[in-house]
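Sequence and structure go in here first, then my notes.

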Amino acid sequence: MIQTHITKLLVLFLLAAIASSAIATTPTVRLSELIDGQVSLGKKLAYLEDPSHQLTLQNLTGQRDMAWQQSEAAVPNFGFSQSAYWFRVTIINDTPSPGNHLIEVANPVLDYLNLYVVAGERVTHEVFTGDQRPLSQRPIKHRNVLLPLQIPAGEARTVYFRASGEGAVQLPVDLWQTQRFYEKDQYSLAVQILFAGIMLALAVYNLFVLLVVREVSYVWYVLNVVTITIVQLALHGVTFQFLWPQAPRLNNLVLATTITLNVAFVLLFTYSFLNLRLRGRFLRWFTLSGAGLAFLLCATSLMVSYGTAMRLAVLMIAIAAPSALAIGIYLWARGDVLARVYTLAWSVLLLGHAMLVLNKMGILPRNVLFEYAPQFGAALEVLLFSFALAYRINLERQQRFQAQSDALASERRARSAQERALEVQREANEHLEARVKERTQELESANRRLEEMTAVDGLTQVKNRAFFDHHLAVEWRRNARARHNLSLLLLDADHFKNINDTYGHLGGDACLKHLAQLLRDSLNRPGDFVARYGGEEFAILLCHTDLEGACVVAERVRHKVESTPLHWEGQTIYLTASIGVASIIPQPDQDMKGLVKQADDALYAAKKAGRNRIRTSSEESARPSVR
């Protein structure tokens with residue numbers, strides 16, 4: 001038994017030695033060299049340049065004086081070349097079992113690729129493919145070129161590759177065990193699906209945000225996401241495999257146009273997001289001119305050859321990418337907060353492409369992270385840009401709020417200076433309007449959204465006048481349909497000017513906040529609310545409440561104000577309030593201002609009757625307060 005095994009091994013080694021000596025001039029790879037089911041063939045290839053495109057397989061196998069050269073790169077790369085290139089390698093099965101393997105050429109955008117498998121002097125298998133030929137011509141319909149390779153034990157096969165095209169001639173080629181390749185390919189496909197899903201989700205989400213905020217930066221952002229997704233999927237052959245497998249001419253056309261479109265959209269996004277129109281003439285015209293040139297190159301790529309279009313696109317990227325990064329760094333140095341996130345996003349994208357280059361050069365290991373680094377970088381870039389856009393909206397909202405706070409503070413100061421002449425007041429108001437207009441000119445749309453969300457008075461933290469007017473109109477229509485009573489209490493702090501004169505405006509503000517809190521505490525039903533109507537005047541709206549019930553609430557409020565003094569900075573400030581009460585069953589054709597007028601008249605009557613009391617709209621004269 002042992003003698004039989006020894007004999008088989010000797011025969012196997014003898015056949016391997018014969019095959020090796022027969023192809024001594026051709027680089028060889030042994031199946032026993034596969035590590036984890038895979039080996040890179042880049043540095044094991046011999047190559048030959050064919051500038052005339054006249055060489056055939058018969059020329060190469062029939063002549064021994066060809067000037068073959070040994071590849072020294074993990075991924076042979078001849079750039080944009082007009083020549084055709086031949087490669088060859090001999091694969092020896094020095095294992096005791098038949099080899100069931102695949103050769104993978106992982107360059108989906110290579111225009112033309114012919115593969116020949118030669119056993120001795122006989123061609124056993126030949127494939128004519130590339131991204132300018134239909135996917136159906138490939139032995140396995142995959143985004144990369146896959147060549148099944150079966151080598152009996154102890155035999156050898158020489159594989160020839162002929163690569164040519166108008167784009168860059170690169171040949172990343174690997175030898176795989178079939179099962180190991182499909183196990184690895186699951187992760188590669190998962191990366192493509194994950195990338196496409198992330199980018200699609202970001203595009204759709206920000207498209208809906210665009211429809212809401214109407215911000216032009218989102219237009220360029222969404223278009224940037226769409227084009228960079230198409231570029232990355234096209235570079236990895238996903239679009240060819242799943243979208244237009246029988247229309248190969250679209251591959252080069254789509255790739256050339258979307259690359260230049262992406263550059264244009266990135267520059268327009270940079271211009272809009274970083275507000276370059278406010279940063280000086282040079283930055284403004286540089287980005288806009290670059291975007292215009294990119295659109296021009298996109299149109300040109302439809303009329304020139306693919307090689308010319310790609311050379312122009314690469315040149316455009318070589319200028320635009322570092323320029324955009326330099327703009328971000330420059331504005332970051334100038335203290336622009338948004339430029340920090342912008343620069344970080346660009347750095348992540350460029351780092352991803354740098355990792356891919358180092359991976360192809362063999363400096364970084366071959367794994368999912370480094371091989372798909374540009375896609376990871378692109379996904380992180382658009383995520384950071386999405387965050388930056390949201391941060392920008394929030395920043396503008398804070399600026400709006402600050403501008404509004406400044407305006408309200410200015411208004412309070414203007415009201416407190418009643419002794420000023422009318423001309424001084426007019427000038428102050430004009431100055432205030434100029435300041436508000438200047439601060440809100442560029443943030444106009446965001447301010448409208450902020451005003452809609454701002455329904456609380458900044459000082460007293462109860463509802464403001466705008467909310468009251470809107471809510472009164474809503475309740476008026478609702479109670480008009482349901483035929484329910486609607487009651488209104490108008491309340492005014494008694495002798496408030498004396499309080500301001502005695503304790504100052506800080507004391508007056510403290511009294512207003514104290515009064516607002518007492519009014520909130522006096523309301524029990526969820527539908528009732530209190531609003532600051534203006535100055536020291538407050539309004540309480542009571543739904544489904546008749547005049548009698550409103551008077552009960554009014555008396556409860558009046559008594560609570562009278563019996564709850566404010567303790568402020570070591571002083572006790574006593575407050576009282578006069579209250580006017582009005583109630584009505586709204587009619588659809590009635591003006592709701594009538595209810596406010598009745599309550600205001602009743603309030604005036606209460607103050608005229610001596611203050612610290614309530615009056616209703618139905619009373620003709622003052623009546624004693626219910627104690």
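**Notes on the sheet**

I started with β2 and β13: they run antiparallel and are joined by three bridges. Keep in mind that I'm working from a predicted model. For a residue pair in this stretch I looked up V39, and its bridge partner in β13 is L175.

Next I checked β7 against β13. Strand β7 covers residues 99–105 and strand β13 covers residues 173–177, and the two pair in the antiparallel sense over five bridges. I noted two residue pairs here. L102 has W176 as its bridge partner in β13, and H101 has Q177 as its bridge partner in β13.

Then I wanted the whole strand order. Which strands form the open sheet, and in what order? I get four strands, ordered β2-β13-β7-β10, with antiparallel pairing. β2 (38–40) and β10 (145–151) are at the edges with a single partner strand each, so each has one side left without a neighbour in the sheet. I also looked up the twist, which averages 20° from one strand to the next.

What packs on the sheet? I found helix α3 (residues 178–213) there, touching β7, β10 and β13. The direction of α3 makes about 110° with that of β13.

Last entry: how covered is β13? Mostly, I'd write, since four of its five residues are buried.

Notes. Residues numbered from 1 in each chain as written. Predicted model: local features only at pLDDT ≥ 70, side-chain atom pairs only at ≥ 80, totals over all residues. Heavy atoms only, no water. Pairing = 2+ DSSP bridges. Axes fitted to C-alpha atoms, helices over the stretch in contact; angles between N-to-C directions. Contact = heavy atoms within 4.5 Å. Buried < 20%, exposed > 50% of the residue type's maximum accessible area, 1.4 Å probe, protein only.
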